[in-house]
Amino acid sequence: MPLKPFTISYVRIVPLPIMNDFASQDFQSAMDTMMRQLLSKDVLHEPMREFRDKYPKWLETNKSSLTNDEFARYSKQFEYIKELCGVYETTPNDFERIVDIMQNMQACGQPPNDLVQELAPDMPLGGDEFSL
């Protein structure tokens with residue numbers, strides 16, 4: 001399965017084409033290993049659980065100040081976070097499903113800055129510096 005670009009923390013992961021197919025198999029294998037480690041339950045489950053636990057209250061508190069589109073987008077992002085936590089809890093080695101959920105979550109845009117600030121007070125915010 002070819003990898004698609006997505007962002008974890010504030011590092012954008014973009015598979016690069018290899019010029020002249022130089023060591024493409026080795027590169028793909030190394031990239032796959034790195035992606036599996038970055039998306040592993042050991043790395044992402046706890047932060048995603050924290051988001052899952054805090055997101056409902058944030059949505060309830062902020063619903064009146066959000067546009068309908070923003071609320072729908074954040075609600076969809078929350079659904080993906082719950083789905084990802086469920087995968088980590090039931091089938092943590094389903095790498096393809098984890099990648100698919102992460103890409104869908106990324107398509108929802110940035111998580112709410114104040115929620116990120118609450119969960120990671122030292123995280124720099126602004127622009128594209130933070131992504132799930």
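**Helix α3 and the overall fold**

Cys85 is buried, with a relative accessible area of 0%. The residue lies in helix α3, where Tyr74, Ser75, Gln77, Phe78, Tyr80, Ile81, Leu84, Val87 and Tyr88 are buried as well. Cys108 is also buried, at a relative accessible area of 8%. No disulfides were found in a search of the whole structure. The model is predicted.

Helix α3 has 23 residues. From its first C-alpha to its last, the helix reaches 33 Å, close to the 33 Å expected at 1.5 Å a residue. In the protein chain, confidence is highest in α3 (residues 68-90), with a mean pLDDT of 97.

The protein chain contains five helices and two strands, arranged along the sequence in the pattern β-β-α-α-α-α-α. Of its 132 residues, 35% are buried. Among contacts with a separation of 6 or more, 63% join residues 24 or more positions apart. The accessible surface of the chain comes to about 8,100 Å², and carbon and sulfur atoms contribute 51% of this area.

The average pLDDT is 81, and 74% of the residues score at least 70. Confidence is lowest in strand β2 (residues 11-13), at a mean of 50. Over residues 127-132, pLDDT stays under 50. Where pLDDT is low, the predicted coordinates should not be read in detail.

Note on methods. Residues numbered from 1 in each chain as written. Predicted model: local features only at pLDDT ≥ 70, side-chain atom pairs only at ≥ 80, totals over all residues. Heavy atoms only, no water. pLDDT = per-residue confidence, 0-100. Helix = DSSP H or I, 4+ residues; strand = E, 2+ residues; numbered from the N terminus. Contact = heavy atoms within 4.5 Å. Disulfide = S-S within 2.5 Å. Buried < 20%, exposed > 50% of the residue type's maximum accessible area, 1.4 Å probe, protein only. Expected span 1.5 Å × (residues − 1). Areas by Shrake-Rupley, 256 points an atom, 1.4 Å probe, with all protein chains shown as cover.
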